[in-house]
Every structure is written in structure tokens, then in C-alpha cells.
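Here is a briefing on one protein model. Look over the sequence and coordinates first.

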Amino acid sequence: MTQKIGLLGKKIGMTQVFADDGESVPVTVIQAGPCHVVGTRTVERDGYSALVLGFDEKPVRNATKAELGAAKAHGGKPQRFVREIRLEAAEVAKYTVGQVLGPKDVFAENMPVDVEGTSKGKGYQGVIKKHHMSGMTRAHGTHEYFRHGGSIGCRLTPQRVHKGKRMAGQMGNEKKTVQNLQLFRILADENCILVRGAVPGAANEYVVVTLASTRKAYKRKGMGKEEVRSKNPLKASKKAAAGRG
């Protein structure tokens, strides 16, 4: 369950920026800070090690007694968004309760990150919108079954509906994680980061941004070295046709 260090934030929206080579890059603007270290979890006391972060200060008049007690413990104000980030004990020891973290303290440009958020809720949807089924033909012999899901089982075999059967139901409103996105740029003065591509959730929704768990360097697909081409395309095509290419 150990993860990489990260920050809590809020998705502001999407825009486009231009790279140094003139490329137009679609990015998501995330306000990632300031994040307050509101507590720690240790193996001796809690059975695991983690860092507890808080984001987005909450008015005292709206805070509960539990939130006020937690704020008193770390010497700050109540936080609207609080999450634990599992880390090694040695990594947790680097941070102190009450410390304030910003994007520059955790991230660097052009590094891969994972973004976790709650996807947009689409309500109760049918199989065509939710599972991209084709539906029935709109011919003279089809009646009231244009967008139905069709048969879901048989009374003889298997005598039940299989678990995970694609049927109508609630769509969206699920916790999703998009991995290995490029942290394109850091705006330290605004506590914002620009992430290449889209992230889950609507504008003004809370997200968790962590260092990528599966890789250390960002590598964009399709941007590797070009393969060595044959000097004689006609000769290469003949070899392929003869089954020797």
C-alpha cells in the first residue's frame, strides 16, 4: 500500500499552453497547495506509516468539534479536504506536523504524476450510453426494443445472471486514477501545476496528485527514435512479398 509523496489540490479547469518548440499542449490546471501537514501515522501507534495532509481552509464557524480538535493539535485552521498518503516510516520522518507544503517542495517539471479524483456523475443510464452497445435495428419488425439490453441469461443454462453482466445502472461518480501524466509546468506563485491531458472530475473538485508509482521518468508515446528505414523501398516490398521480410 506504500505510495509516493504527493499533494492535495483542486481541479480548476482546462486550457492550452505553448511549449518551447511551439507545440500547443492541452493541460489541466490544478491548485496543489498550500497543503498543511495535520498529522502523522506511525507503525508503533497505528500499525502503519502515513502522512496526513489537509487542504483548503474551512471557517471555524462551520467546523465540527472533531475538526476543531484536529486543528488545535497541528496549530492551524480546520481543513475541508483531509487525506492520508501511505509512505515509508523514514519518509514520514522528514515532515513535521504544522509544516506547509507547496508544489515546488514536492514536484519538479516534466516528471510523471498520478492524479486521483471522482469522475463526473451521469446518473442512471442505459446500456447504449454506459456500455456502448449498438442496440436493435429500427426496422418494421422491431417494436419497443431499440435501446434495450437484450437477453441476460437462460433459465436452463446457466440458470442465473453472471456477476458483472453489462446492464443499465449508475454511470460515473466513481473514484478514478489516471497514471503517468506529465507535470508540464509549475506556477509556484499561484501554487498551481499544469498537467498534460485530462484528469477525473469536474471543475472545483478535489484531487490527489502523487508521484507516479510505476515509473520515474515521463515518456510520451510515439515520440521515440525513428526506426531505420530501407534505402530502397521497392526492394524492401519485394522481400516482404516473398516472405523473407
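This is a predicted model: local features need pLDDT of at least 70, side-chain atom pairs count only at pLDDT 80 or more; totals for chains, interfaces and linings use all residues.

Residues are numbered from 1 along each chain as its sequence is written, and side-chain values use heavy atoms, with hydrogens and water left out.

**Sheet**

- Four strands form an open antiparallel sheet, ordered β5-β4-β3-β6.
- β5 (79-86) and β6 (100-101) are the edge strands, and each pairs on one side only.
- Strands (E, at least two residues) and helices (H or I, at least four) are DSSP runs, numbered from the N terminus.
- Two strands count as paired if DSSP finds at least two bridges between them.
- Strands of a sheet pair through backbone hydrogen bonds, either parallel or antiparallel.
- β3 (residues 35-41) pairs with β4 (residues 50-57) over six bridges, in the antiparallel sense.
- Cys-35 has Phe-55 of β4 as its bridge partner, and Gly-39 has Val-52 of β4.
- β4 and β5 pair in the antiparallel sense over seven bridges.
- Phe-55 stands opposite Phe-81 in β5.
- Six of the eight residues of β4 are buried, so β4 is largely enclosed by the rest of the structure.
- Buried means under 20% relative accessible area, exposed means over 50%, and partly exposed lies in between (1.4 Å probe, protein chains only).

**Nonpolar cores**

- A nonpolar core is a set of buried Ala, Val, Leu, Ile, Met, Phe, Trp, Tyr and Cys residues joined through side-chain atoms within 4.5 Å.
- The largest core has 31 residues; Ile-30, Leu-51, Phe-107, Val-113, Val-115, Ile-193 and Val-209 touch the most other members.
- Strands that each supply at least two residues of this core include β1 (6-18), β7 (112-118), β10 (175-187) and β11 (192-196).
- β12 gives the most to this core, with four residues.
- A second, separate core of eight residues includes Ala-19, Val-27, Val-29 and Cys-192.
- Ile-30 touches residues including Val-115, Cys-192, Ile-193 and Val-209, not counting residues up to four places away in sequence.
- Contact means heavy atoms within 4.5 Å.

**Surface patch**

- Ile-152, Val-161 and Met-167 make a nonpolar surface patch of about 220 Å².
- Patch residues have over 30% relative accessible area and no salt bridge; nonpolar side chains (Val, Leu, Ile, Met, Phe, Trp, Tyr) are joined within 5 Å, like charges within 9 Å.
- A salt bridge is a side-chain nitrogen of Lys or Arg within 4 Å of a carboxyl oxygen of Asp or Glu.
- Accessible areas come from the Shrake-Rupley method with a 1.4 Å probe; for residues, only the protein chains shown count as cover.
- Met-167 lies in the loop between α5 (127-131) and β9 (169-171).
- Met-167 counts as partly exposed, at 36% relative accessibility.

- Thr-210 lies in strand β12 and is buried, with a relative accessible area of 10%.
- Beyond its neighbours within four places in sequence, Thr-210 contacts Lys-4, Ile-5, Gly-6, Phe-107, Val-113 and Asp-114.
- Arg-215 lies in the loop between β12 (206-211) and α6 (233-241).
- Arg-215 is partly exposed, with a relative accessible area of 35%.
- Leaving out neighbours within four places in sequence, Arg-215 contacts Pro-112 and Asn-180.
- Arg-215 and Gln-179 are 36 residues apart in sequence and 9.7 Å apart in space, C-alpha to C-alpha.
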